Amino acid sequence: MSPQSIGVVMNGVTGRMGYRQHLVRSVLAINEQGGVTLADGGRVLLRPVLVGRSAEKLERLAGEHGIADWTTDLDTALADDANLIYFDAQVTQARVKAVLAAIEAGKHIYAEKPTAETHGDALALAEAAAARGVKNGVVQDKLFLPGLLKLKRLIDGGFFGRILSVRGEFGYWVFEGDWQDAQRPSWNYRTEDGGGIVLDMFPHWAYVLENLFGRVTSVYAQAVTHIPERVDERGESYRATADDAAYGVFELEGGIVAQINSSWSVRVNRDELVEFQVDGTHGSAVAGLRNCRIQHRATTPKPVWNPDLPATARFRDGWQEVPDNAEFDNGFKIQWELFVRHVVEDAPFPYDFASGARGVRLAELGLRSSAEGRRLPVEP
């Protein structure tokens, strides 16, 4: 059976994430393996159509990877009936307009998160896609990290007993841009350009908490700007108007309490850039990007607080590594394959625009909670 080929309009692939994770490590990697495998054994190859504002960058990328189709005119790409999927990895401010155009053109939509800057706009996208009858999905890559897949295995196996709490630590030091170049673009630190760590990371925490532990029922957050002045890509100083750190407490259905710190102004003293500790009545786990360690209640030590004596136990030695027990592919690529199957053969895909809107809602409530200094309910 010869593989079929479908066109995928990819808008925003000149950016870091759009290029590395979505074009190179997902779409092109899928084609290199022979396409997406369908339930009937057939295969689907993806024909990328690169879209962006810079003809020079697009031409260079296309030449480097042997891609035939690129354009700076989104309408032209959307007008081609052979292009079934539209993918958006632009800056958040540009997303709503482009996605609405793709919906109007009858394309199936796959988009980076957050889907919009406001909950109202995110809901409007979900409603527009439903009204037009197009399939839609949002990138929720962290669900497919090896560490969180191991954590999900523990949850499904009943390892924790009753889960009590979740503690998350995410972040790293992003240089200010003066004596060392910043690792993130300057727009991330300007509210007027759609920046801020709450809008960037709370949508992640929304789907991680919802899919692993339960729906968020309330949020209390403190969002701050620790570094008030930075230096942009042109070497010019600018005022950081967006939050670069957020400290959130989330109550989940069933009484689980989650506390997650997110910061671009923290130096890493942990094994991975993101880690989640889950504590339950029968055991605990610490999961990161790739690894997961556990401690069962039967092997839990019995420390006694005594500040007058030095600690003799090495507490980390009492944890056991969870084995892989499987091969883990790139999380972005896995979700691309799921979405293609959703489009071509109507396979399940729960990570839709409605779930994306819930993530934007949590970010919006987090910022409001910080501004008002109070805990806010999250409506079902």
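Mentor: Ala206, Glu210, Arg215, Val216, Arg358, Arg361, Leu362 and Val378 line the largest cavity. A cavity is here a set of points, on a 1 Å grid over the protein atoms alone, where a 1.4 Å probe fits but cannot get out, while a pocket is an open set with protein on both sides within 12 Å along at least five of seven lines, and lining residues have an atom within 4 Å of a point. This is a predicted model, in which local features need pLDDT of at least 70 and side-chain atom pairs count only at pLDDT 80 or more, whereas totals for chains, interfaces and linings use all residues. Residues are numbered from 1 along each chain as its sequence is written, and side-chain values use heavy atoms, with hydrogens and water left out.

The space in the largest cavity comes to about 80 Å³, a volume being the space filled by probe spheres set on grid points that are joined across faces, edges and corners. Helix 7 (197–212) and helix 9 (353–372) each supply at least two residues of its lining, and helix 9 gives the most, with 3 residues; helices (H or I, at least four residues) and strands (E, at least two) are DSSP runs numbered from the N terminus. By class, the lining of the largest cavity holds 4 nonpolar, no polar and 4 charged residues, where Ala, Val, Leu, Ile, Met, Phe, Trp, Tyr, Cys and Pro count as nonpolar, Asp, Glu, Lys and Arg as charged, and the others, Gly among them, as polar.

The whole structure has 2 cavities of 30 Å³ or more, and the second largest cavity contains about 30 Å³ of space. Its lining is made of Lys142, Leu145, Leu148, Val274, Phe276, Ala287, Gly288 and Leu289, which divide into 6 nonpolar, 1 polar and 1 charged.

Turning to the open spaces, the second largest pocket holds about 300 Å³, and of the 14 residues that line it, Arg167, Glu169, Glu275, Gln277 and Val286 are the closest to its centre. Strand 8 (163–171) and strand 14 (274–280) each supply at least two residues of that lining, which is made up of 3 nonpolar, 4 polar and 7 charged residues.

As for the charged pairs, a search of the whole structure finds 22 salt bridges, each a side-chain nitrogen of Lys or Arg within 4 Å of a carboxyl oxygen of Asp or Glu. One of them joins Asp69 to Arg47, with the closest N and O atoms 2.9 Å apart, and this pair links distant parts of the chain, since Asp69 lies in strand 4 (residues 69–71) and Arg47 in strand 3 (residues 43–51), 22 residues apart. Asp69 counts as partly exposed because its relative accessibility is 29%, and Arg47 is placed in that class at 27%, given that buried means under 20% relative accessible area, exposed over 50%, and partly exposed in between (1.4 Å probe, protein chains only).

Asp88 and Arg95 also meet through their side chains in a salt bridge (3.0 Å, N to O); here Asp88 is buried, because its relative accessible area is 0%, and Arg95 is buried at 3%. Finally, Lys113, Arg184 and Asp200 are linked in a network of salt bridges.
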